[in-house]
Amino acid sequence: MLPFLIGGLLLAQRQWPPPGMQCPQRTLVLFERGPNWEKAPQVAQKHLAYILQQMKSGKILSGGPMEGVQPAAAILFAAGDWSQVEAILNDEPFTHESVLKIASHSVWNACEAAK
């Protein structure tokens with residue numbers, strides 16, 4: 001019993017985030033084809049320009065299509081606050097035009113090496 005108590009105390013005192021790491025909250029959004037999927041070619045240039053703008057501003061960290069599987073695409077947002085992500089997606093051409101629809105979204109502590 002004593003080893004379990006000692007182990008529990010050690011885990012309870014563990015530093016978060018771990019030394020040498022930073023773990024900001026991020027939001028991952030997975031998309032599936034929407035009801036207007038066939039409009040993708042007409043909306044693609046607006047979609048790409050908007051995504052690039054959001055990447056340059058630091059609001060989107062990464063994103064793109066997923067080949068041959070559902071969900072159809074993923075975007076990693078810098079924000080951990082769903083209302084901030086939702087505001088970006090409300091103006092995003094593929095979601096606005098229902099080319100893509102949100103399949104799921106998750107917030108997590110995305111650990112990376114400290115800078």
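In which sense do strand 2 and strand 4 pair, and over how many bridges?

Modeller: The model is a predicted one, with a mean pLDDT of 88 for the protein. Strand 2 (residues 25-33) and strand 4 (residues 73-77) pair in the antiparallel sense, over 5 bridges. One point of reference is Phe31, whose bridge partner in strand 4 is Ala73.

This pair belongs to an open sheet of 4 strands, arranged in the order 3-4-2-5 with antiparallel pairing. From one strand to the next, the twist averages 15°. In general, the strands of a sheet pair through backbone hydrogen bonds.

Two helices accompany the sheet. Helix 2 packs on the sheet and touches strand 3 and strand 4, its direction making about 150° with that of strand 3. This helix, residues 40-56, is also where confidence is highest, at a mean of 97. Helix 3 (residues 82-91) lies across strand 2, strand 4 and strand 5, and runs at about 40° to strand 2.

A disulfide joins Cys23 to Cys111, with an S to S distance of 2.1 Å. Cys23 lies in the loop between strand 1 and strand 2, and Cys111 in the loop between strand 5 and strand 6, so the pair ties together parts 88 residues apart in sequence. The torsion about the S-S bond is about 110°, so this disulfide is right-handed. Cys23 is buried, at a relative accessible area of 13%, while Cys111 is partly exposed, at 34%.

Methods. Residues numbered from 1 in each chain as written. Predicted model: local features only at pLDDT ≥ 70, side-chain atom pairs only at ≥ 80, totals over all residues. Heavy atoms only, no water. pLDDT = per-residue confidence, 0-100. Disulfide = S-S within 2.5 Å. Buried < 20%, exposed > 50% of the residue type's maximum accessible area, 1.4 Å probe, protein only. Pairing = 2+ DSSP bridges. Axes fitted to C-alpha atoms, helices over the stretch in contact; angles between N-to-C directions. Contact = heavy atoms within 4.5 Å.
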